[in-house]
Amino acid sequence: MSSPNISTAATPAPAAAPTSASWTPQASLAHRVSVIPANPFAASDARVAAAVAQGRDIINLAKGNPDGAPPQFMQDALARAAHDPANFKYPQFDGKPEFLDAAAHWYQAEHGVTIDPRTQLLAVAGASVGISATITTLIDPGDLVVLVGPYYPQYEGSTAVVGGRIHVIPALEENGFLPDLDSVPASVWDEAKLLILNYPNNPTGAVATPELFATAVRLAHEHHFVVVNDFAYAGIGFDAQPPISLFETPSALEVGVELCSLSKMYMVAGWRGGFVAGNAGLLRAIKAVHQQTSILMSSVVQVAGAAGLNSDQSTVRALAATYRGRYEALNAGLAKAGLELEPVHGGLFAWLKVPHDWDDADFAVWLLDKAGVAVIPGSDFGATGAGFVRFSLLEPSETLEEAARRIAAARGTAW
Ligand SMILES: Cc1ncc(COP(=O)(O)O)c(C=O)c1O
């Protein structure tokens, strides 16, 4: 006797799926895939990997990965959090209250800015998540995003994903790599939905002046667009005055969003943590988009991040001093090669104008081939970065000095 659940009656074979000789799954890809720009950092990784595979000894100054360890108290907080059953569960959608409270405390203590942790903050798994959530929230196909070039490539990539357009304002050497926002035609501002700033800046190392942020906020009010400051390098300043937050500008909270990261301040790029702060109405919408498109920031990282944000930030200040020392060591070494870095005010990178008549991509290849030093060509940060290369300061001073020695030795008559 057959089981009641198994039919012994002859069942018709399922109809064969239609086949087509010409169709491949790739034919079904969304249009947006074809407009996403290539990831320049992946190309750089591939160049370095190929050189290493040939047995070459490469000093990799192309990467943006912090080279140190997070403060011990944060590592301990994360380890303890891993044993707490409260953290076995999904975290709250917009962030654990203790993390959001700590971010609000950090804004108050470091920047004198009052942010409401419930309505003006969102925990995210890194500033990169904040970038894509914010752009997705604001940009429809065809909408205009204004960038300051050279720029962090994800701004262009995330805009492409949602079908937006970009307009790039150059940040010129003669203006200390800060943009002249008032020189941009009013018609551009009228069309813009979003202006993305990034100070301290990757790749140029420029930091914002109060005047720059005030101009951006005034234009945003006048022309009705949103201002974002990507504050991934908060706390990493080289000058006596620490890098300022967008929200230190009066009325910036009415038109602005700021993206903060734990990655660089606390050297936890692999933990994935950060927060988005800003106008409550915008944050409500960004939270809605984030809930549908991103994973939540891990509970244990939120606990450890709260420990960092609630601390006195002495570890961050010490880190900034270390990067500054490295910048000076690299600059002194490169002087012996007849090269001079641009002045840098914060962040993790140094920006070098390539010697006369060199194309920056060719110069980067030359440095890799002849000196065994990997850097990123400036044009990887958009056309306005052409003519420069970026060195990361994420190796000890001795390694940076060795890189400079190799460049000086390889120079010959190259410039
Ligand atoms: C300007 C800028 N924004 C955002 C990020 C990404 O930060 P996170 O690690 O928080 O995603 C980086 C990382 O290098 C960056 O340079």
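Leaving aside neighbours within four places in sequence, Phe391 is in contact (heavy atoms within 4.5 Å) with Leu61, Leu330, Leu334, Leu341, Leu348, Phe349, Ala350, Leu352, Leu367, Val373, Val375 and Ile407. Phe391 also belongs to the largest nonpolar core, a set of 135 residues in which Trp106, Trp189, Leu309, Phe391 and Ile407 touch the most other members. Such a core is a set of buried Ala, Val, Leu, Ile, Met, Phe, Trp, Tyr and Cys residues joined through side-chain atoms within 4.5 Å; buried means under 20% relative accessible area, exposed over 50%, and partly exposed in between (1.4 Å probe, protein chains only). At least three residues of this core come from each of domain 1 (40–69 + 314–411) and domain 2 (72–310).

Residues are numbered from 1 along each chain as its sequence is written. Because the model is predicted, local features need pLDDT of at least 70 and side-chain atom pairs count only at pLDDT 80 or more, while totals for chains, interfaces and linings use all residues, and side-chain values use heavy atoms, with hydrogens and water left out.

The two domains, whose bounds come from an automatic or database domain assignment, have C-alpha centres that lie 26 Å apart. Their contact takes 33 residues from domain 1 and 30 residues from domain 2.

Turning to the strands, E5 (residues 192–197) has 5 of its 6 residues buried, so this strand is largely enclosed by the rest of the structure. Helices (H or I, at least four residues) and strands (E, at least two) are DSSP runs, numbered from the N terminus, and two strands pair if DSSP finds at least two bridges between them. Strand E3 (residues 144–149) pairs with E5 in the parallel sense over 4 bridges, and here Leu147 stands opposite Ile196. E5 also pairs with strand E6 (residues 226–231), again in the parallel sense and over 4 bridges, with Leu195 opposite Val227. Together with helix H8 (residues 210–223), E5 and E6 make a right-handed β-α-β unit; right-handed here says that, with the strands pointing away from the viewer, the path from the first strand over the helix to the second runs clockwise.

Asp101 lies in helix H4 (residues 97–111) and Arg118 in the loop between H4 and strand E2 (121–124), so the pair ties together parts that are 17 residues apart in sequence. Asp101 is partly exposed at 35% relative accessibility, as is Arg118 at 43%.

Glu173 and Lys353 form another salt bridge, their closest N and O atoms being 2.9 Å apart. Glu173 sits in the loop between strand E4 (165–170) and helix H7 (186–191), and Lys353 in strand E9 (residues 349–353), so this pair ties together parts that are 180 residues apart in sequence.

Within helix H12 (residues 314–335), Arg324 and Glu328 lie 4 residues apart, about one turn of the helix, and their side chains meet in a salt bridge (3.0 Å, N to O). Finally, Asp57, Glu402, Arg405 and Arg406 are linked in a network of salt bridges.

Methods: Salt bridge = Lys/Arg side-chain N within 4 Å of Asp/Glu carboxyl O.
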